[in-house]
Amino acid sequence: MPAIVVMAAALALPPTAPPTPDGWPLGTMTPYWMHETPPAVPPTEGAAGVTCEPVQVQQVGRHGSRDRKAADLAGVQRMLAERGAAIGNPALAFLKSWTHDFSPVTDNCLNRFGEEEWYQAGLRAQAAYNATLFAGGFSPTYHPVRTTYKSRTARSASSFFAGAMEGAGALGACRVDPVAMYSVFSGNTDQDGDVELRFFDNCPAYAARVKHNATHAAYAEPAAYLRVNITSEMLPRMAARLQLDGRVWRLTAADAKSLWQACQVEAAARRRPIAASVCAVFAPEDVAMWNLYDDMKKFYECGPGEPLAWQIACPLARDIFQGLAAKAADPAGVPVKASFRFAHAETLIPLMAFLQLDAGGPPLTQGMPAAQADARSWRTARLATMAVNLRFVLHRCAAGGAPPTFKVELLHSERQVPWPRCGDRTKVQFCAPE
């Protein structure tokens with residue numbers, strides 16, 4: 001088998017720079033921000049006479065920006081209608097008659113921003129790989145596409161390939177080449193048997209230890225932070241900002257949380273300016289606190305704070321790495337040029353935790369010092385935005401008559417990143433959980 005080495009550029013993960021009107025980080029609701037970033041340059045050995053070309057891509061992506069459940073927003077609308085009379089700040093008086101424009105018909109569905117996020121990513125993929133991986137248009141043999149049974153993942157795949165295969169076929173004005181995709185679904189519930197892309201719903205041990213365990217840190221730490229920090233620090237700020245009449249509305253942490261969730265939706269799914277949305281009730285320091293709250297929950301729920309949460313991503317990691325290894329061992333005999341998977345944040349976050357894409361650091365806890373919280377590397381608004389994707393690119397590099405060397409390049413949201421878990425980046429390092 002030809003040698004395989006890991007290619008990882010010494011670049012940090014991208015900064016928090018979401019394309020919301022005011023640039024606020026919104027936890028895992030943060031929109032994808034890579035629209036204007038050019039595709040990564042294929043790696044080279046840095047020596048004269050060495051040429052490299054991509055021979056396979058293995059990609060896992062989260063669905064793009066989506067709408068939320070109308071019922072959740074209806075609760076906030078009802079709260080403001082019932083208690084809005086307590087708001088004394090004229091600049092925020094518009095909240096007294098605030099209404100949402102979400103429909104149950106589009107609950108949790110991909111929205112037009114999500115379509116655009118993946119369509120633009122598809123165009124960039126075509127520009128980067130058209131001469132090698134996409135030449136000749138789509139083929140289910142060359143380009144297997146898998147989604148979960150949720151429509152937002154299938155529509156993300158459709159949007160991506162509308163860009164990636166634009167001009168490659170003969171259908172319509174844009175000469176799109178239609179694609180085929182498949183998903184695993186064996187029942188009427190989330191326990192659908194999809195152990196590769198929805199492992200978080202198909203592992204009884206995880207369900208017992210984490211998902212249905214109210215005492216687990218995934219629930220206990222955020223609950224303590226809500227009860228102590230948000231109640232004592234944020235609520236007085238919010239009450240002062242709203243100029244609340246406490247006789248009519250005694251603001252609670254649960255109220256503030258509902259308003260934050262509405263803020264996330266308005267900013268991410270509607271891209272409304274902060275001053276014209278529910279977000280106007282929050283100050284920047286409040287946003288920082290909510291992001292820590294969200295990060296704390298995901299740190300234990302599906303991140304590095306709970307080993308089982310990322311260990312159950314093993315079937316997905318194995319499928320990716322075995323695909324790369326098989327192609328490197330027999331480039332001509334293995335037909336797959338690019339394998340695409342479209343899934344969820346709860347799919348990508350465990351895989352990133354396994355790869356150790358954050359720089360490490362102490363656990364996120366309710367009582368952690370403010371300096372530690374501010375310096376943390378685990379930030380879902382950077383690691384796990386909407387449409388976040390991990391792309392493993394296998395390159396074949398040749399120099400003269402020497403046997404080819406195969407390199408695996410790792411990209412996070414289309415930008416090269418280090419591969420910490422692989423340790424020695426000069427040797428074969430197809431990592432798997434112990």
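For what follows, a disulfide is a pair of cysteine sulfur atoms within 2.5 Å. The model before you is a predicted one, and it holds two disulfides.

I begin with Cys-52 and Cys-397, whose sulfur atoms lie 1.9 Å apart and form a disulfide. The torsion about their S-S bond is about 115°, so this disulfide is right-handed. Where do the two partners, Cys-52 and Cys-397, lie? Cys-52 belongs to strand β2, residues 50-62, and Cys-397 to strand β5, residues 389-399, so the bond ties together parts that are 345 residues apart in sequence. As for accessibility, Cys-397 has a relative accessible area of 3%, and is therefore buried, the cut-off being under 20%.

I turn now to the disulfide that joins Cys-263 to Cys-279, with an S to S distance of 2.0 Å. The link of Cys-263 and Cys-279 is right-handed, with 100° about the S-S bond. Cys-263 sits in helix α6, residues 253-269, while Cys-279 is found in the loop between α6 and α7, the latter spanning 284-301; the two cysteines are 16 residues apart. Are Cys-263 and Cys-279 buried or exposed? Both of them are buried.

Cys-174 has a relative accessibility of 44% and counts as partly exposed. Cys-314, at 21%, also counts as partly exposed, because buried requires a value under 20%.

Conventions. Residues numbered from 1 in each chain as written. Predicted model: local features only at pLDDT ≥ 70, side-chain atom pairs only at ≥ 80, totals over all residues. Heavy atoms only, no water. Helix = DSSP H or I, 4+ residues; strand = E, 2+ residues; numbered from the N terminus. Buried < 20%, exposed > 50% of the residue type's maximum accessible area, 1.4 Å probe, protein only.
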